[in-house]
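Here is a friendly walk through one protein model, meant to be read with the structure open beside you. Take a moment to turn it around on your screen before reading on.

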Amino acid sequence: MKLTIRHIAFVISCVASGVSIAAGGGGVVADPGAMEGKHFDPKGKAPSTYTVELQNGLRKTLPFEDQRDFEESKRGFIAAPAYKSIMADAGNVAWDMGSYDFLLQGKTFDSVHPSLQRQAILNMGYGLYEVVPGKIYQVRGFDLANISFIKTNTGWIVFDPLTAKETARAALELVNEKLGKRPVVAVVYSHSHGDHFGGVRGVVDEADVKSGKVKIIAPAGFMDHAVAENVYAGNAMTRRMFFQYGVLLPRSPFGHVDQSIGKNTAAGNLGLIEPNVYITQPYETMTVDGVEMEFQNTPGTEAPAEMNTYFPQFKAFWAAENITGTIHNIYTLRGALVRDSLAWSKNINNALYRYGTESEVMFASHSWPRWGNARIQEVMRTQRDSYAHLHNEVLHLANNGVTINEIQNVYKQPESLKKQWAAHSYHGSEEHNSRAVINRYLGYWDANPATLAPLSPRDSAPLYVEMMGGSAKILAKGRQLYQQGKYREAMEIVNKLVYAQPDNTAAKDLLADIFEQIGYQKESPSMRNSFLGAAYELRHGMPTGASPKSNGPDMIKGMTTELWLNSLGISLDSKKAADMKFTINLVTPDNGEKFIVEMSNSALTNIKGQQAKDPNLTITMNRSDLERVMGGQTTFEQLQAEGKAKFDGDRKAFDQLKSALTVFKPDFELIPGTKPKAASVKPANAKPNDPFAAQEMAITGGE
């Protein structure tokens, strides 16, 4: 089977219309055999007897007698729409809840961790729900996140308008149909991930925001973090998301079953309208059209810019993505800065004592609400203590000598937390979160000099294979360990063989079988998807071909000039720049910005607000025109020909810079031996990529 990006282009984006998707692909990869329990992959294996035994043991020990989450997830249901799929404006399917209907058959799947199957069923809620009678409503199951509607004197305040314009628009239409049509008077972005702002153009018009008719309220730093987190390593993040979000996995008991905080991400038009109101204080009160809100800034928790909200009139607490139906990622597998589990715990604690003692309902941008003060405090304490225990116990162990390469096998939650569903790590996992805590404080090194500057796996693996007696012995031992259910031990040696011999199909197939069983056993969808996604690529190869664009005009507009210049420094091929030395002044008159861009010592640097006295070249152009270059819609040369870009001085500096820039593509292997030998053929009408166009961002959300 040859897998091409062309075949799965809808998973990444719709190029012609500029439609882009957010975290995890979001494209609908349905499986017609899912309802019958058929494996979608001819090479796929059923759960082994060891996996079945493990799952059965979990079914006996997990607290399934606690059914409160199911009761709360159904409470307040008003109506579901007649449809289960939502089309994108570009013509592709943006959302298809029906592709997960196999979860509603009442079957037990041995290929899914029992706790994850429970979570996947809870996330099947679909339609309009009442949270506070006559005042607060949610539409769930239209995207990865929930969209919430607060009824004001004359209209709606919308909290977190989803990933895509199309799903947000459908949610607003459902609300107006069932509850009476009302205008949107304000939008609140709880934080800076794409599934919480990307659908804003489906609920408001930008002209109304610019005029002040509609407020868009966000935490301080929102615009910087909404774009910046996904730029510098965006190409690598995009490729890694194929594993974390199971981009290639069909929706099946053997593939994608859930994304822990929702089913998946919509594949529609992601937009961004800049907020016109920022919350800058730790606590800030505001009344919008008769609704009083107190915002609690919680930077450095689930997102670098995030805030909770309390509604004193309704005794309702909005927990953003800080308190949901799962313990979250301290480190997200697609790649991001490690988060602060202690700060997260303390922010929950502050919310508990400021709002939790009087709240009667707690709702959030994912999962389902909790009602009753005792229940709210229980969940808040459970999550507070989970993050605190993770932080404190990992560092306790680290201070006793446990290293980053051991902690995932040592750290355990206390039994009292294991009995609480709200302490289960669906989005995170104890394994990768515990390693993240050590990494935050002590870095990647375990203090053994042998691991300080180790051989690359491709270099060390042949030595291991030789010392183990060659591929035949490793395969034999690997199969023996696999048959014994010792999957991690089998993975350890067979992975070495795959690195040493990337063309060894038998080794890749065996490693895929091993990964598949480990994936079946994981409670965290991120870990499940990573193992199953790697198995898929080992069996069928990685996607090939030209990658579609994912940068939409709104995200480009939100990228600062400094951020773009910084990213040029990252895309610079320093070897090509070895003998280059020049200074360029950049001036954008329409917004009054000035920069010095300097090349020296194979490094490209910039400084804002300065101009060199004797530059090699000065480039003058409006920021609005520069955005078209950044978005790949035009080039410097075209703008110069049109008289919109002025070059004063020696053009050689510009030409040298252009010649040294690299256009990144997410076409690198994550697993050895998965990239096709033949170079992909570009379409005849394909245009060369301008290296000054902004590199593709990883438009991420929900991590």
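A residue counts as buried when its relative accessible area is under 20%, and as exposed when that value is over 50%. His366 has a relative accessible area of 1%, so this residue is buried. Please keep in mind that the model is predicted.

**How confident is the model?**

The mean pLDDT of the protein is 92, and 93% of its residues reach 70 or more. Where pLDDT is low, the predicted coordinates should not be read in detail.

**His366 and its partners**

To find His366, look in the loop between strand 17 (361-363) and strand 18 (370-371). Which side chains does the side chain of His366 meet in polar contacts?

| Side chain | Partner side chain | Polar contact distance |
|---|---|---|
| His366 | Asp195 | 3.4 Å |
| His366 | Glu321 | 3.0 Å |

Eight strands make up an open sheet with mixed pairing, in the order 3-6-7-8-9-10-11-12. Its edges are strand 3 (77-79) and strand 12 (277-279), each of which pairs on one side only. From one strand to the next, the twist averages 25 degrees. Strands of a sheet pair through backbone hydrogen bonds, in either a parallel or an antiparallel sense.

Is strand 8 (residues 147-151) largely enclosed or open? Four of its five residues are buried, so strand 8 is largely enclosed by the rest of the structure.

On one side, strand 8 pairs with strand 7 (residues 136-140) in the antiparallel sense, over four bridges. Within this pair, Ser148 of strand 8 stands opposite Gln138. The two strands form a hairpin with six residues between them, and Gly141 in the turn has a positive phi of about 80 degrees.

Strand 8 also runs antiparallel to strand 9 (residues 156-159), and four bridges join the two.

**Nonpolar cores**

Which residues have the most contacts inside the largest nonpolar core? They are Tyr189, Trp564 and Phe636, in a core of 86 residues. Helix 5 (residues 165-179) gives the most to this core, with six residues. Another core lies apart from it and has 38 residues, including Ile474, Tyr487, Ile493 and Phe531.

Beyond its neighbours within four places in sequence, Phe636 is in contact with Trp564, Ile619, Met621, Leu626, Val629, Ala645, Phe647, Phe654 and Phe692.

**Pro47 and its surroundings**

One last stop is Pro47, in the loop between strand 2 (19-20) and helix 2 (49-61). Setting aside neighbours within four places in sequence, Pro47 is in contact with Val52, Asp110, Ser111, Phe254, Gln517 and Tyr520. As for Ala476, its C-alpha is 21 Å from that of Pro47, with the two residues 429 apart in sequence.

Notes. Residues numbered from 1 in each chain as written. Heavy atoms only, no water. Buried < 20%, exposed > 50% of the residue type's maximum accessible area, 1.4 Å probe, protein only. Polar contact = N/O pair within 3.5 Å; in protein donor to acceptor, adjacent residues only side chain to side chain. Contact = heavy atoms within 4.5 Å. Core = buried A, V, L, I, M, F, W, Y, C linked by side-chain atoms within 4.5 Å. Pairing = 2+ DSSP bridges. pLDDT = per-residue confidence, 0-100. Axes fitted to C-alpha atoms, helices over the stretch in contact; angles between N-to-C directions.
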